[in-house]
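This briefing covers a sheet, the helices lying across it, and the nonpolar cores. Please keep the sequence and the 3D view at hand while reading.

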Amino acid sequence: MSGLAGLVRPGMTIAVGDGFGAPRAVSAELSAAAARAGNVRLILGWLPRADPGLDFAAFADVRTAMPGWGLRAGVAAGTVRFPPVRLSAVPALLHGPWRPDLLVASVVPDGDGFAFGSEVSWQRAAIAAGATVAGVVSPGAPRADAGPRLSRDQVVVVGASADPPLTLPESVPREEQLAIAQALVALIPEGATVQVGPGPVAAAMLGELKVPVRIDTGMLPGPVVDLAERGLLIGDPVCTYLAGGPRLYEWADGRPLLHPIEFTHDLGRLSAEPFFAVNTAVEIDFDGQVNVEGTARTVLGGIGGHADYAAAATRSVGGLSVVATATAHNGLSTLVPALSRPVSTPGHDVDVVVTETGTADLRGLSRPERRDALRELWERNPELSFDEGDEYA
């Protein structure tokens with residue numbers, strides 16, 4: 001056998017690169033090869049869109065560190081398992097129980113070798129753990145990898161794709177999301193280092209900023225280009241995924257933006273400067289504990305970098321760990337007596353909570369004081385009400 005099929009052996013563990021530039025062009029071939037070989041294990045990361053070429057039934061076991069977005073159907077069907085893991089721990093898993101024999105990844109030509117394109121994520125950790133690189137050459141992807149190139153001897157080319165990375169459409173923020181963004185901007189001083197992610201609140205916040213900032217984040221959203229064009233972006237952003245569209249990819253091409261998770265999610269590095277982490281929540285309880293994984297019925301996402309960035313910001317002198325969420329979703333309060341799923345980020349790693357009704361600064365407050373502050377913030381929404389014993393239910 002030649003190509004990808006010739007690299008797949010019975011009983012091996014295969015990791016597939018993730019993000020918007022995942023090597024989808026060979027997914028069907030990989031699934032067929034795994035079914036023929038038998039007892040092949042599959043390791044996945046963050047897939048922002050479902051990949052119909054990946055046949056989970058072809059693998060003996062499928063695991064992911066990020067169950068949301070494109071993997072929701074597999075998770076719901078029980079064909080994809082997800083451990084509770086923060087992104088900063090993924091490299092350790094890849095050097096331990098998830099050690100891959102093969103990494104299937106998208107690469108772009110770079111001089112006499114190759115580089116990663118629109119994401120680096122945990123792929124360098126897989127290589128450091130000993131994985132052979134099966135490369136899908138994707139010349140349409142941006143060259144934004146800040147790391148050393150992969151030599152041609154390190155990469156077995158198994159395919160090519162002329163398609164650019166997938167795109168994340170930009171959404172228009174609703175009225176309450178714009179109010180949240182305006183409250184967030186008031187917290188961020190000139191010269192701060194800020195972590196943001198994709199989504200309407202982050203887009204609105206970047207659009208509302210009036211002072212120059214640095215961006216140090218996991219997923220770099222498209223509106224950062226507007227920030228740069230307004231002269232408010234200090235230096236090159238630090239990220240591990242590009243999450244946008246053609247405008248972001250064109251802007252990113254040739255810039256050293258993408259770093260491995262070991263760097264982007266390093267709590268010590270992040271907390272060394274005034275660091276402002278801005279994250280959202282599916283729901284938050286009266287102790288300030290956050291659930292970002294989903295509802296009682298549906299898995300929406302994974303822990304991801306939420307816990308990493310929140311912890312780094314909390315210990316940062318001059319920084320803040322901020323959770324931004326609307327007070328209600330589909331008419332139901334996002335402040336709840338008990339979370340629908342286990343805690344994604346503990347309350348002691350949350351400094352400030354921002355909603356469309358205002359801000360609650362929880363720093364230095366006792367647990368009863370935190371509960372009172374959160375209750376008061378949500379009660380500013382006249383459409384919500386709470387019983388006296390709600391926080392203890």
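Six strands form an open sheet in the order E10-E9-E13-E16-E20-E21, with mixed pairing. Strand E10 (214–215) and strand E21 (358–361) are at the edges with a single partner strand each, so one side of each has no neighbour in the sheet. The model is predicted: local features need pLDDT of at least 70, side-chain atom pairs count only at pLDDT 80 or more, and totals for chains, interfaces and linings use all residues. Residues are numbered from 1 along each chain as its sequence is written, and side-chain values use heavy atoms, leaving out hydrogens and water.

**Terms for the sheet**
- Helices (H or I, at least four residues) and strands (E, at least two) are DSSP runs, numbered from the N terminus.
- Two strands pair if DSSP finds at least two bridges between them.

**Pairing inside the sheet**
- Strand E9 (residues 193–195) pairs in the parallel sense with strand E13 (residues 275–279) over three bridges, and Val194 stands opposite Phe276 in E13.
- E13 and E16 run parallel and are joined by four bridges; here Asn279 stands opposite Val323 in E16.
- Three bridges link E16 and E20, again in the parallel sense, with Val322 opposite Val352 in E20.

**Strand E16**
- Five of the five residues of E16 are buried (under 20% relative accessible area, with a 1.4 Å probe and protein chains only), so E16 is largely enclosed by the rest of the structure.
- Leu320, Val322 and Ala324 are on one side of E16, Ser321 and Val323 are on the other, and all are buried.

**Helices across the sheet**
- Helix H5 (residues 175–185) lies across E13, strand E16 (320–324), strand E20 (352–355) and E21, at about 145° to E20.
- Helix H11 (residues 306–314) lies across E9, E13 and E16, at about 145° to E13.
- These angles run from 0 to 180 degrees between N-to-C directions, with axes fitted to C-alpha atoms, for helices over the stretch in contact (heavy atoms within 4.5 Å).

**Nonpolar cores**
- A nonpolar core is a set of buried Ala, Val, Leu, Ile, Met, Phe, Trp, Tyr and Cys residues joined through side-chain atoms within 4.5 Å.
- The largest nonpolar core has 69 residues, of which Val194, Met205 and Leu242 touch the most other members.
- A second, separate core of 30 residues includes Val8, Leu30, Leu47 and Leu54.
- Not counting residues up to four places away in sequence, Val194 touches Ile188, Met205, Val213, Arg214, Ile215, Asp216, Phe276 and Val278.

Terms used
Buried < 20%, exposed > 50% of the residue type's maximum accessible area, 1.4 Å probe, protein only.
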